[in-house]
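Let's look at how the labels put on a model follow from their cut-offs. Here is the chain to talk through.

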Amino acid sequence: MTVPDGVPGVPGVSGRFSGHPRGSRGYRGVLVGLAAAGVATFAQLYSLQGVLPELAADLGISASSAALTVSAATLGLAVTVIPWSAAADRFGRLPVMRTAILAAVILGLAVPFSPSLPVLLGLRFLEGAALGGIPAVALAYLSEEVSRLHAAVAAGTYVSGTTVGGLLGRILAAPLAELMNWRVGVASVSLLAAGAAAVFMLTAPRQRGFVPARGTPGDRLAARLAANLRSRRLLALYLQGFLLMGGFVAVYNYLGFRLGEAPFGLPQSLASSLFLAYLAGTWSSRAAGTLAARARGGRKPVLLLSIAAMGAGLALTLAENLPAVIAGLLVFTAGFFAAHSIASGWTPLLAAKGRAQASSLYNLFYYTGSSLLGWAGGHYFQQGGWASLVLFVGVLLLASALIAALVLRSNDDGGR
């Protein structure tokens, strides 16, 4: 009996695999595997953000120098997402992700043994470069291995894994760093990531939907990248990622230093619990998508509203009482994740060709902003305190809002 082409999870008359259906063993394997990969990746990427004050004290360096350990990893990720995506087009999604996650785990386990800041920065850059193979490829693997009917739900599971990983990396390392030292805290996260990587290796099913890229002169990587860089509206979205992520990371990099000083004087283990504000982003990212679908102007007004929320929350963090700072951080975080979900989701829709490359470019700008602006904020913090950092981030938010208001169009889902 011949199975009709297009039935999820089985090959049709054309012989092409059309994705694991929801509820099948393959579908569960994809979800569990990618969620574990997300945990492994983002736990390692941001593990040092929760221990920056201890690291600075141990190595005798400034706050901005300590923050370079976060920037080095995100910069390594930023510069490799496009090469990793090109490798995945040629060699396959799963082999590339397996290579990336194994290399990242090995490098992550070496990080706590760094004898000096230069060695630590070098290892963190290489660790980030290896980690780039997961976000660069994961959603492409998912879209090819899961039925199109359920791909959005599966993608949400992967994103949840990245959120949980980022949160675990921060809140697991900090208490152990205070109890023992930052090396023990970071080592614990590396071991957690190794366990998550093992789950990914064991559960992610072999790829069946991958078709090797057969490039023609007009479809080569450089041509697709150039086409997406020529679009003013895509550039505007890339700059949203660069500016907003840079400001977001700057706030989280240095908030622990501020809360450890007067008038707060919080121990780092308690200050690190404020990373739980990330959970506000779990709600706001979904809410922003729902609001954009219902709003008359589509995505643009929701993006501008989200940036305004970031500004309001940022202003609240200037208060010198802890409840106001917590409220401000919650609003700031919710606004950021709402804006990021709108900008990242809008990007491939505006790409006339090379949607994967358009998303890779967004990730490039996004993580470059995290690296450069997240580190640069430390100079303002060291020179003028928290108020100076707030002014720096406020300027980034204003620039982002002006670019969005002047360049992006309402109800625009395509075209040049």
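Q: How many helices and strands does the secondary structure of the chain come to?
A: The chain has 15 helices and zero strands. Helices (H or I, at least four residues) and strands (E, at least two) are DSSP runs, numbered from the N terminus. This is a predicted model, where local features need pLDDT of at least 70 and side-chain atom pairs count only at pLDDT 80 or more, while totals for chains, interfaces and linings use all residues. Residues are numbered from 1 along each chain as its sequence is written, and side-chain values use heavy atoms, with hydrogens and water left out.

Q: Where does α3 bend, and what follows within four residues?
A: The bend, about 45°, is at T80, and the proline P83 follows within four residues. The angle is taken between axes fitted to the seven residues ending at a residue and the seven starting there. Just after α3 comes G92, with a positive phi of about 110°.

Q: Why is D58 with R183 called a salt bridge?
A: The term asks for a side-chain nitrogen of Lys or Arg within 4 Å of a carboxyl oxygen of Asp or Glu. The closest N and O atoms of D58 and R183 are 3.9 Å apart, so the pair qualifies. It links distant parts of the chain, with D58 in helix α2 (residues 52–59) and R183 in helix α8 (residues 182–203), 125 residues apart.

Q: Why are D58 and R183 called partly exposed?
A: Buried means under 20% relative accessible area, exposed over 50%, and partly exposed in between (1.4 Å probe, protein chains only). D58 has 45%, so it counts as partly exposed, and R183, with 23%, is partly exposed too.

Q: How do you know that R124 and E127 form a salt bridge, and are they buried or exposed?
A: Their closest N and O atoms are 3.0 Å apart, which meets the salt-bridge cut-off. R124 is buried because its relative accessible area is 0%, and E127 counts as buried at 2%. The two are three residues apart in helix α5 (residues 117–131), so about one helical turn separates them.

Q: Which residues make the nonpolar surface patch?
A: V164, L168, L172 and L192 make a patch of about 260 Å². Its largest share, three residues, comes from helix α7 (residues 151–179), where L168 lies. L168 has 32% relative accessibility and therefore counts as partly exposed.

Q: What makes G374 buried, and which residues is G374 in contact with?
A: G374, in helix α15 (residues 355–407), has 0% relative accessibility and so counts as buried. Contact means heavy atoms within 4.5 Å. Leaving aside neighbours within four places in sequence, G374 is in contact with G246, V249, A250, N253, Y254 and G369. A250 is 124 residues away in sequence, yet the C-alpha atoms of G374 and A250 are 4.0 Å apart.

Q: What joins A262 and P263?
A: A cis peptide bond joins them, with omega of about 5°. Most peptide bonds are trans. P263 is in the loop between α10 (232–259) and α11 (268–271).

Terms used:
Patches are made of residues with over 30% relative accessible area and no salt bridge: like charges are joined within 9 Å, nonpolar side chains (Val, Leu, Ile, Met, Phe, Trp, Tyr) within 5 Å. Accessible areas come from the Shrake-Rupley method with a 1.4 Å probe; for residues, only the protein chains shown count as cover.
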